[in-house]
Amino acid sequence: MTTSILADLKIRFSKAIAAAFGAEYADYDPAVAAAKDTKFGDYQCNAALSLTKKLKQKPQDVAAQIIANLEFADRFEPPTIAGAGFINLKLQLSYIAAHLAEMQKSDRLAIAPVSKPERVIVDFSSPNIAKEMHVGHLRSTIIGDSIARILEFQGHEVLRLNHVGDWGTQFGMLITFLREVYPDALTKADAIAIGDLVELYRQAKKRFDEDPEFKEISRSAVVELQAGGQSAKQAWQLLCEQSRREFQKIYDALNIQLEERGESFYNPFLSDVISDLKATGLLQEDQGALCVFLEGFNNKDGQPLPLIVQKSDGGYNYATTDLAALRYRIREDQATRIIYVTDIGQSAHFAQVFQVAQRADWLPESVQAIHVPFGLVMGDDGKKFKTRSGDTVPLKSLLEEAVTRAYADIDSRNPDAPAEFKKDVANAIGLGAVKYADLSQNRTSNYIFSFDKMLSLQGNTAPYMLYAYVRVQGIGRKGGIDFDRVDFDRVDSAISLTEAPEIALAKHLLQFAEAIDAVAEELFPNRLCQYLFELSQKFNQFFEQCPVLQAEEETIKISRLNLCDITAKTLKLGLGLLGIRVLERM
Ligand code: ARG
């Protein structure tokens, strides 16, 4: 098991720089990266350029001293210096072959878990009770799940939290309406079917807006709920349970694990947030509300904006809850990295919450609080994603449509296949397509939801990737090799790399660990999609140009079959980290 070649190389260069120029350079940025142009090598170190100025020596001389102290011989050809002091490194073919063999033997492709596992919280999905779980929540669910999977794979301890919107003034209205139309429901908790909660919400809202008396009663219902009143609490629980059941259907379909810890969980800690803020001296009163004036957030007159943490009526809000949640996650959960996956519209909210927590000394430097924003979901027409009649699209029907379309496709290609098989394939392709389409975009841009595009067998899509996997498996089957039972000690020596497409594929396979590191660090799953897409392309080039089963010699055939197998294993693991399951046939 090893770390990625790039991570390891950074350490080697750091050591070399310190050895060459003294311990004060131990933390000097070695500026190591994968080579942009592989003509000169596979990796590059540009540190000599910046060191030149500090050391007042010629860049070529600096580079030479670094190389003289660099440990490279176990993996790389002797380094070369180009132009103004760039150090180029090329992997030895024998090392590549040996590393591939390690990957093939290991169920985690020889990628070592991180040496210092962290406790990480991923706050994602987080829909709101009695409201529609919409496409924005779908994005959060898919992106958050993938980030969690990747961090888990790295060996971190990940807490997947569903910060459900289960608290707030809207519950007064809902409870009051529920009491009106389903008086029985509140006494026979399990005998009810509230039915369509979204519809219930709409009707309740209508009553609320139209009838002042209803409004008044709703207000007192909130107070009753907050005071822990038995009957109000029961009504609230009923609503939560009903929503939960609906949400769970989506999570089951998408195979998402989440721990629900909604806003209500933090109720007991809200008043402490206020009193502790008071003690820090940050809290100020503004028009009856308690707030913290922010740095770097101004209104149009240039005055600092307030972050309100207690409204003039004494109520708490979304920000208060997030402050309490942040404190809880640091103090009780002991998380050192806290990741929030929401739409980009909440960027200011999180920046403000983090700022207040920092200034209050609740967010130590050892803890990273990170907002992971994503763009809007747009329809094919470039407008906000809606049904033809202008309603929001229910997620369930959206997922169903993806599966139905995938079914129609496999049915037309393979009409005689058993229905069970077709269903299974359609499920994997349809849901995989929805996930992959989302993940393969740079998440910060708006994303165009198009069934036609995401289900296409061409391009950077799930069906394309799944098909690549099936194809490789097919070659293995035809070659009569059961890769799960290969005698690796015999096969080890059999990986030989001579043709350019073989070498290109092999090197790309070695970079899988780097792609994972990159996503774990920067939290952009599209990097992994891009890696896998390039892998399929490199595989296809290899397969077109290098006969596998028809190879002239048995040893070459085995070597190429091994490359096929490692490619398949990489695709499977990589897609798995995106939450996408592969198919053996399709
Ligand atoms: N419920 C919120 C929404 O639907 C998302 C919550 C995100 N998490 C958080 N800790 N604020 O937009």
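The model is a predicted one, in which local features need pLDDT of at least 70 and side-chain atom pairs count only at pLDDT 80 or more, while totals for chains, interfaces and linings use all residues. Residues are numbered from 1 along each chain as its sequence is written.

To start with the overall layout, the protein chain splits into domain 1 (5–91), domain 2 (135–162 + 263–378), domain 3 (170–256) and domain 4 (395–577), with bounds that come from an automatic or database domain assignment. Between domain 1 and domain 4, the C-alpha centres are 35 Å apart. Six residues of domain 1 make contact with five residues of domain 4, contact being C-beta atoms, placed from the backbone, within 7 Å. Helix H1 (residues 5–21) gives the largest share of the domain 1 side, three residues; helices (H or I, at least four residues) and strands (E, at least two) are DSSP runs, numbered from the N terminus. That side of domain 1 has five nonpolar, no polar and one charged residues. Here Ala, Val, Leu, Ile, Met, Phe, Trp, Tyr, Cys and Pro count as nonpolar, Asp, Glu, Lys and Arg as charged, and the others, Gly among them, as polar.

In the unreviewed UniProt entry, residues 7–91 carry the annotation "domain: Arginyl tRNA synthetase N-terminal"; UniProt positions follow the numbering used here, feature names are shortened, and annotations may be inferred rather than shown by experiment. Over residues 7–91 the chain is 40% helix and 15% strand, with its end C-alpha atoms 15 Å apart.

Next come the strands. An open sheet of five strands runs in the order S7-S6-S5-S11-S12, with parallel pairing; two strands pair if DSSP finds at least two bridges between them. Strand S7 (259–260) and strand S12 (368–374) sit at the edges, each pairing on one side only. Strand S5 (residues 119–123) and S11 run parallel and are joined by four bridges, and Val120 has Arg337 in S11 as its bridge partner.

Antiparallel pairing turns up elsewhere: four bridges link strand S8 (residues 283–286) to strand S9 (residues 289–298), with Gln284 opposite Cys291 in S9. The S8 and S9 hairpin has two residues between its strands, and the hairpin of S9 and S10 has five, with Gly302 taking a positive phi near 85°.

Most residues other than glycine have a negative phi. Gln287, in the loop between S8 and S9, has a positive phi near 50° and counts as exposed because it has 8 C-beta neighbours inside 10 Å. Leu109 also has a positive phi, about 50°, and lies in the loop between helix H4 (93–105) and S5. Leu109 counts as buried because 23 C-beta neighbours fall inside 10 Å. The cut-offs are 20 or more other C-beta atoms within 10 Å for buried, 12 or fewer for exposed and in between for partly exposed, with C-beta atoms placed from the backbone.

As for the ligand, Asp123, Ser126, Pro127, Asn128, His163, Gly165, Asp322, Ala325, Tyr340 and Thr342 surround it, near meaning a C-beta atom, placed from the backbone, within 6 Å. This shell divides into three nonpolar, five polar and two charged residues, and H11 and S11 each supply at least two of its residues.

Conventions: Two residues are in contact if their C-beta atoms, placed from the backbone, lie within 7 Å.
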